[in-house]
Amino acid sequence: MQSWISQGRLIKAPENFIGPAGVRAVFAEAKRGRRDFIRGAFAAALAGGAATQAAAQGEGDPAILKLPAHSTGLGQPVVTDGYGRPSKYEGNVQRRPSPGLTQTSQASVSFAPLQSLFGIVTPSGLHFERHHQGWWDIDPAQHRFMVNGMVKTPKVFTMDEVMRLPSVSRFCFIECGANTGMEWGNVAVPTVQYSHGMLSCSEFTGVPLITLLEMAGADLKGGKFVLAEGADGSSMTRTIPMSLVTSGEVLVAYGQNGEMLRPENGYPLRLVVPGVQGVSWVKYLRRVEVGDQPWGAKDEAVHYIDLMPDGTHRQYTSIQECKSVITTPSGGQVLLEKGFYNINGLAWSGRGKIKKVDVSVDGGRNWRAARLETPVLDKCLTRFSLDWVWDGKPAIVQSRATDDTGHVQPSSRQLREVRGTRSIYHNNAVQSWLVQENGEVKNVQLS
């Protein structure tokens with residue numbers, strides 16, 4: 001291992017060392033096809049890395065030979081910050097908004113920095129955001145949750161009453177149905193944060209919805225659906241099939257990664273619907289109504305529908321299909337030299353567990369089975385990796401996931417043959433990253 005561990009050095013994607021204005025500039029220049037701008041953005045970081053290497057090649061590395069202040073003095077006292085925060089050296093690992101995606105910032109998106117994360121859990125502060133009318137920090141003492149419709153006794157619960165019921169905690173991914181939606185027709189964004197960053201994974205804690213329905217005496221035979229309604233001004237309402245509820249996997253959640261939900265993610269209550277697109281995970285949940293048919297709410301009759309090549313629309317296509325993406329190497333990163341690299345990424349399926357992930361470094365001509373890191377959980381992110389020695393020649397790296405129901409992630413060509421090029425939602429095509437001879441990695445699509 002020692003022979004290659006010094007090889008394979010990599011510079012992070014540009015959003016790790018440029019600000020929001022720089023990100024907007026990258027978008028603008030990428031649209032004009034100018035990659036020289038991105039190369040320029042890397043120049044400072046490259047110079048810094050070279051200086052560090054030169055120092056290490058002298059009589060000895062001063063970082064080893066000279067004891068730093070933190071090895072000879074007292075550190076800061078405990079509890080200097082009541083909540084805590086990341087290292088100042090990680091300050092640029094942030095979710096970032098989408099420049100120009102929507103005209104109103106309260107109805108926009110911020111993307112999770114997938115290229116900078118480890119394992120499968122997304123820190124709560126880096127969880128992607130999608131709002132339809134801004135976020136609220138609602139007083140839990142005043143918040144109420146109601147169950148009505150086809151029930152014997154409509155009920156209203158306080159937060160205290162919900163949180164005193166037996167709870168469960170489960171890891172599961174959440175993905176916006178529009179994740180990767182900008183890539184349907186052609187390459188649109190430079191990095192994995194913007195192409196796939198409407199994806200996160202958390203441990204959610206709450207009460208199974210079926211428990212609350214049973215307390216209200218819901219008609220679980222005649223009631224085929226439930227309508228979930230949020231308390232924010234967007235009037236977000238979504239129809240959920242009763243079959244998902246009776247399975248016990250749908251939660252009325254208040255906890256996320258060991259703490260209460262963050263306000264931007266639905267505090268104090270949100271619905272958790274594993275495997276289903278994020279819009280159905282209604283935030284600021286205030287009501288669930290039991291009914292015998294879909295409601296056809298605005299966000300399922302007009303929005304969040306799939307445009308087909310013949311002009312028709314598909315509705316209620318909520319399941320997030322089998323999908324994966326390589327996060328290293330990915331767009332905006334730079335491989336500094338030939339040698340060993342650990343290709344790694346994330347895979348997920350709304351239908352079950354990931355069974356395998358294949359990785360190609362030659363644009364799909366040949367595939368190798370990647371390692372799946374444990375745990376591999378149902379409707380949860382799975383981290384995968386593959387050893388790779390880069391010979392310095394251009395390479396196209398791709399990943400292709402298969403879930404335990406047999407669904408295989410399609411290529412862009414296969415998906416477009418069925419769905420066309422003008423849709424927005426449920427793009428689960430294989431992602432391609434081109435590693436150029438100079439080490440720069442760029443987003444590409446294969447015909």
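How many disulfides does the structure hold?

Author: The structure holds zero disulfides, a disulfide being a pair of cysteine sulfur atoms within 2.5 Å. This is a predicted model, in which local features need pLDDT of at least 70 and side-chain atom pairs count only at pLDDT 80 or more, while totals for chains, interfaces and linings use all residues. Residues are numbered from 1 along each chain as its sequence is written, and side-chain values use heavy atoms, with hydrogens and water left out.

For C172, which is in no disulfide, the nearest cysteine sulfur is that of C201, 6.8 Å away. C380 is likewise in no disulfide, and its nearest cysteine sulfur, again that of C201, lies at 3.6 Å. C172 has a relative accessible area of 3% and is therefore buried; the word buried means under 20% relative accessible area, exposed means over 50%, and partly exposed lies in between (1.4 Å probe, protein chains only). C380 is buried too, at 1% relative accessibility.

The chain as a whole gives the setting. It has 447 residues, of which 50% count as buried. Its secondary structure comes to 11 helices and 26 strands; these are DSSP runs numbered from the N terminus, helices being H or I of at least four residues and strands E of at least two. Among contacts (heavy atoms within 4.5 Å) between residues at least 6 apart in sequence, 72% join residues at least 24 apart.

Charged side chains supply another kind of link. A search of the whole structure finds 19 salt bridges, each a side-chain nitrogen of Lys or Arg within 4 Å of a carboxyl oxygen of Asp or Glu. One of them pairs E249 with K379, at 3.0 Å from N to O. This pair links distant parts of the chain, 130 residues apart: E249 is in the loop between α9 (242-246) and β11 (251-256), and K379 is in the loop between β22 (371-372) and β23 (382-390). Both partners are buried, E249 at 17% relative accessibility and K379 at 11%.

D306 takes part in salt bridges with two arginines. With R314, the closest N and O atoms are 3.3 Å apart; with R419, the corresponding distance is 3.5 Å. D306 lies in strand β15 (residues 306-307) and R419 in helix α11 (residues 412-419), so their pairing ties together parts 113 residues apart in sequence. D306 has a relative accessible area of 0% and is buried, and R419 is buried as well. R314, by contrast, is partly exposed at 33%. Elsewhere, a network of salt bridges links E229, R286, R287 and E289.

R383, in strand β23, presents another arrangement. This residue is buried yet has no salt bridge, and the nearest side chain of opposite charge, that of E373, is 5.0 Å away; here Lys and Arg count as positive and Asp and Glu as negative, with His and the chain ends not counted. Its side chain makes a polar contact of 3.0 Å with the side chain of N344. A polar contact is a pair of N or O atoms within 3.5 Å; within protein, one must be able to donate a hydrogen and the other to accept it, and residues adjacent in sequence count only if both atoms are side-chain atoms. A polar atom of the R383 side chain also lies 2.8 Å from the backbone oxygen of G119.

Two loop residues complete the picture. M198, in the loop between α7 (192-196) and β8 (199-208), is buried at 5% relative accessibility. Its C-alpha is 5.3 Å from that of F111, although the two are 87 residues apart in sequence. Leaving aside neighbours within four places, the contacts of M198 include F111, F128 and E175.

Q320 lies in the loop between β16 (313-314) and β17 (323-328) and is buried at 3%. The side chains of Q320 and E175 make a polar contact of 2.8 Å.
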